[in-house]
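Subject: Structure for your files

Hello,

Here is the structure I said I would pass on. My notes follow below it.

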Amino acid sequence: MTSLEQVSTLVLVPQVAEAVRCPVIAAGGIADARGLAAAFALGAVGVQVGTVLMATEECEVSPAFKQMMVRARETDTYLEPRGRAGSRMFKGDFTKTALQDLKETKSPTVPDLDLVQTGVGQVTGMIRDVRTVAEVIDSMVGQARKLLPGLISNLS
Ligand SMILES: Cc1cc2nc3c(=O)[nH]c(=O)nc-3n(C[C@H](O)[C@H](O)[C@H](O)COP(=O)(O)O)c2cc1C
């Protein structure tokens with residue numbers, strides 16, 4: 001769930017890390033090595049990813065919904081209020097156009113249940129293809145290992 005205040009990960013995680021005495025796991029908008037590295041810099045010891053793992057071969061969401069994630073930009077979602085929090089979903093306009101296009105390319109249809117129930121993060125805008133879970137995690141961790149040491153040169 002997402003806070004209705006929509007406080008970004010960049011603003012939230014450092015404050016949580018300051019306020020608590022336990023390890024902090026950052027979540028929200030993290031899809032690759034850059035997000036992982038940023039989360040460490042913000043004070044987290046690890047990350048939880050959601051949306052990027054839905055766009056994997058192993059995920060049980062429909063293949064057509066995965067294609068919607070590949071196609072979507074970060075502005076194609078909105079926050080649907082649910083009580084004191086909310087779920088981020090694809091916007092109606094985007095859904096309509098994407099479904100029409102998918103129909104024309106003879107892709108499998110998106111089950112109604114997926115459209116009604118499946119949340120999706122803004123990070124969908126960073127998803128370029130459907131990969132395996134191993135590819136997602138390996139590239140995230142492997143590239144972060146290479147990325148992090150090089151960042152120090154930005155300070156000089
Ligand atoms: C399909 C889906 C269902 C989720 N369901 C819940 C939920 O029931 N409760 C909750 O607190 N967070 C839920 N989340 C949020 C995730 O646990 C995670 O914090 C979030 O997806 C991380 O942000 P990201 O999608 O940008 O990686 C869900 C996320 C997705 C993608």
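Buried residues account for 25% of the 156 residues in the protein. Please keep in mind that this is a predicted model.

Overall layout

The protein has seven helices and five strands. Along the sequence they follow the pattern β-α-β-α-β-α-α-β-β-α-α-α. Taken along the principal axes, the C-alpha atoms fill a box of roughly 50 × 35 × 25 Å. Of the contacts between residues at least 6 apart in sequence, 66% join residues at least 24 apart.

The core

The largest nonpolar core has 27 residues, and those with the most contacts inside it are Ile30, Ala31, Ala39, Val47, Val52, Met68 and Met69. Two or more residues each are given to this core by α2 (33–42), α3 (51–54), α4 (63–71) and α7 (133–151). The largest share, four residues, comes from α2. As background, nonpolar side chains in soluble globular proteins tend to be buried together.

Val52 is one of the residues with the most contacts inside the core. Apart from neighbours within four places in sequence, Val52 is in contact with Ala31, Val123, Ile127 and Val136.

Just after α2, Gly43 takes a positive phi of about 115°.

How do α2 and α7 lie relative to each other? Their axes come within 8 Å and cross at roughly 60°. An angle of 65 to 115 degrees would count as roughly perpendicular and one under 35 as roughly parallel; α2 and α7 are therefore oblique to each other. The crossing of α2 past α7 is right-handed. On the α2 side the contact is made by Ala33, Arg34, Leu36 and Ala37, and on the α7 side by Ser139, Met140, Gln143, Ala144, Leu147 and Leu148. By class, the contact has seven nonpolar, two polar and one charged residues. Several of the α7 positions, including Met140, Gln143, Ala144, Leu147 and Leu148, can be read against the helical repeat. An α-helix has 3.6 residues a turn, so residues three or four places apart point the same way.

Gln6

Gln6 has a positive phi of about 55° although it is not a glycine. The residue lies in the loop between β1 (2–3) and α1 (9–19). Is Gln6 buried or exposed? With 11 other C-beta atoms within 10 Å, Gln6 is exposed, because the cut-off for exposed is 12 or fewer.

Three further positions

Ser62 lies in the loop between α3 and α4. Ser62 has 18 other C-beta atoms within 10 Å and is partly exposed. Not counting residues up to four places away in sequence, Ser62 touches Pro108, Val110, Pro111 and Asp114. Ser153 is 91 residues from Ser62 along the chain, and their C-alpha atoms are separated by 43 Å.

Thr95 is placed in helix α5 (residues 92–104). Thr95 counts as partly exposed, with 16 C-beta neighbours inside 10 Å. Leaving aside neighbours within four places in sequence, Thr95 is in contact with Phe90 and Leu115. The C-alpha atoms of Thr95 and Leu53 are separated by 20 Å, and the two residues are 42 apart along the chain.

Pro81 is in strand β4 (residues 77–82). Pro81 is exposed, with 10 other C-beta atoms within 10 Å. Beyond its neighbours within four places in sequence, Pro81 is in contact with Leu4 and Gly86. Pro81 and Ala64 are 17 residues apart in sequence and 25 Å apart in space, C-alpha to C-alpha.

That is what I have for now.

Regards

Notes
Residues numbered from 1 in each chain as written. Predicted model: local features only at pLDDT ≥ 70, side-chain atom pairs only at ≥ 80, totals over all residues. Core = buried A, V, L, I, M, F, W, Y, C linked by C-beta atoms within 7 Å. Buried ≥ 20, exposed ≤ 12 C-beta atoms within 10 Å, placed from the backbone. Contact = placed C-beta atoms within 7 Å. Axes fitted to C-alpha atoms, helices over the stretch in contact; angles between N-to-C directions. Parallel < 35°, antiparallel > 145°, perpendicular 65-115°, else oblique. Left-handed = near helix turned anticlockwise from the far one by under 90°. Nonpolar A, V, L, I, M, F, W, Y, C, P; charged D, E, K, R; others polar.
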